[in-house]
Amino acid sequence: GEWIVKEGEGLSLVANISGEIPDSAKIILRTGKGKPRERTLAISGGVCEYEAQTVFRSFDFSISAGDARSPWQTVRVVSAPRIERAEVTLEFPEYTQRPTETVDALTLTVPEGTTIKWKLSLDRPVDEAEFRPAEGEAQALIISADGHSITMQQVASGSRSYSFGWVDKEHGFTFSSPRHYLQVAPDRAPSVDLTSPAENLFATLQRNLDFAFRCRDDHGIGEVAITYRLDKAGEVKVA
């Protein structure tokens with residue numbers, strides 16, 4: 001027969017031995033086309049047991065005791081659904097003056113306020129899928145009719161690590177993807193330095209004054225305005 005187990009879980013194989021019972025039995029293990037390996041198992045009360053703490057590969061096995069030998073049996077290990085293709089669309093906020101981009105990376109660095117749209121294609125269908133931030137509540141994802149495609153959308157507001165969780169459609173096993181990281185760069189206020197005049201000065205009426213400024217911003221300066229006031233009166237803003 002065939003046993004289905006989840007990748008990474010433990011496994012216990014138990015055989016009942018009847019008739020003339022020897023002191024020990026042997027289990028023969030083989031994976032793929034590799035050379036079979038034997039393990040000696042103690043028999044106690046007509047029972048022998050083979051335990052594996054974690055299994056990561058499918059394998060065949062047979063148990064022999066004295067002159068008896070069981071037919072070959074199969075343990076099939078079901079691995080986690082794998083992301084075959086990732087399409088991540090980044091719609092940057094207006095202040096960045098950057099066009100929309102599509103990347104295939106799941107570890108991202110984006111400006112604050114970026115709208116992120118994930119579309120993931122999986123090698124196997126899933127019944128359930130969710131976005132799992134390191135902190136906060138998990139968010140259910142939209143699954144296509146065939147279970148092979150997952151989509152979600154989120155506005156980047158803070159840095160965090162995250163992973164995806166899914167339930168395998170064929171066997172109902174629950175898996176979690178490796179962790180990815182979202183680095184969100186906040187929009188810092190521009191810095192402005194007055195370069196001319198170099199110091200305070202006295203001016204006369206109807207005299208033109210030239211001002212010069214040095215402005216710095218991580219995304220560029222969109223527009224500039226000067227605000228002034230006369231004799232501590234109300235402020236006036238000039239673009």
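**View 1. A nonpolar surface patch in the predicted model.** The patch covers about 980 Å². Val192, Leu194, Leu201, Leu209, Phe211 and Phe213 contribute to the patch, together with Ile226, Tyr228, Leu230, Val236 and Val238. Three strands each supply at least two of the patch residues: strand 20 (191–196), strand 22 (226–228) and strand 23 (236–238). Leu201 sits in a loop, between strand 20 and strand 21 (212–216). The relative accessible area of Leu201 is 44%. Leu201 is therefore partly exposed, since that class runs between 20% and 50%.

**View 2. The largest pocket.** The space in this pocket amounts to about 690 Å³. Its lining counts 19 residues, and those closest to the pocket centre are Ala203, Leu209, Phe211, Tyr228 and Leu230. Strand 20 and strand 22 are the elements that give two or more residues to the lining. Leu209, Phe211, Tyr228 and Leu230 also belong to the nonpolar patch of View 1.

View 3. Ser177 lies in the loop that runs between strand 18 (174–176) and strand 19 (180–185). Its relative accessibility is 10%. Ser177 counts as buried because that value is under 20%. With neighbours within four places in sequence left aside, Ser177 contacts Ser163, Phe164 and Trp166.

**View 4. The salt bridge of Arg30 and Asp60.** The structure holds 10 salt bridges. In one of them, the side chains of Arg30 and Asp60 meet at 3.4 Å, N to O. Arg30 belongs to strand 3 (residues 24–30) and Asp60 to strand 6 (residues 59–65), so this pair links distant parts of the chain, 30 residues apart. Arg30 is partly exposed, at 28% relative accessibility.

**View 5. The salt bridge of Asp123 and Arg82.** The closest N and O atoms of this pair are 4.0 Å apart. Asp123 is in the loop between strand 12 (115–122) and strand 13 (126–133), and Arg82 is in the loop between strand 8 (73–78) and strand 9 (83–91), so the bridge ties together parts 41 residues apart in sequence. Asp123 has 27% relative accessibility and counts as partly exposed. A network of salt bridges links Arg82, Glu84 and Asp123.

**View 6. The salt bridge of Arg124 and Asp168.** The two side chains meet at 3.1 Å, N to O. Arg124 is in the loop between strand 12 and strand 13, while Asp168 is in strand 17 (residues 160–168). The pair links distant parts of the chain, 44 residues apart. Are Arg124 and Asp168 buried or exposed? Both are buried.

Methods:
Residues numbered from 1 in each chain as written. Predicted model: local features only at pLDDT ≥ 70, side-chain atom pairs only at ≥ 80, totals over all residues. Heavy atoms only, no water. Patch = residues over 30% accessible without salt bridge, like charges linked within 9 Å, V, L, I, M, F, W, Y side chains within 5 Å. Areas by Shrake-Rupley, 256 points an atom, 1.4 Å probe, with all protein chains shown as cover. Helix = DSSP H or I, 4+ residues; strand = E, 2+ residues; numbered from the N terminus. Buried < 20%, exposed > 50% of the residue type's maximum accessible area, 1.4 Å probe, protein only. Contact = heavy atoms within 4.5 Å. 1 Å grid on protein atoms, 1.4 Å probe; cavity = no way out; pocket = protein on both sides within 12 Å on 5 of 7 lines; lining within 4 Å. Points joined across faces, edges and corners; volume = space filled by probe spheres on them.
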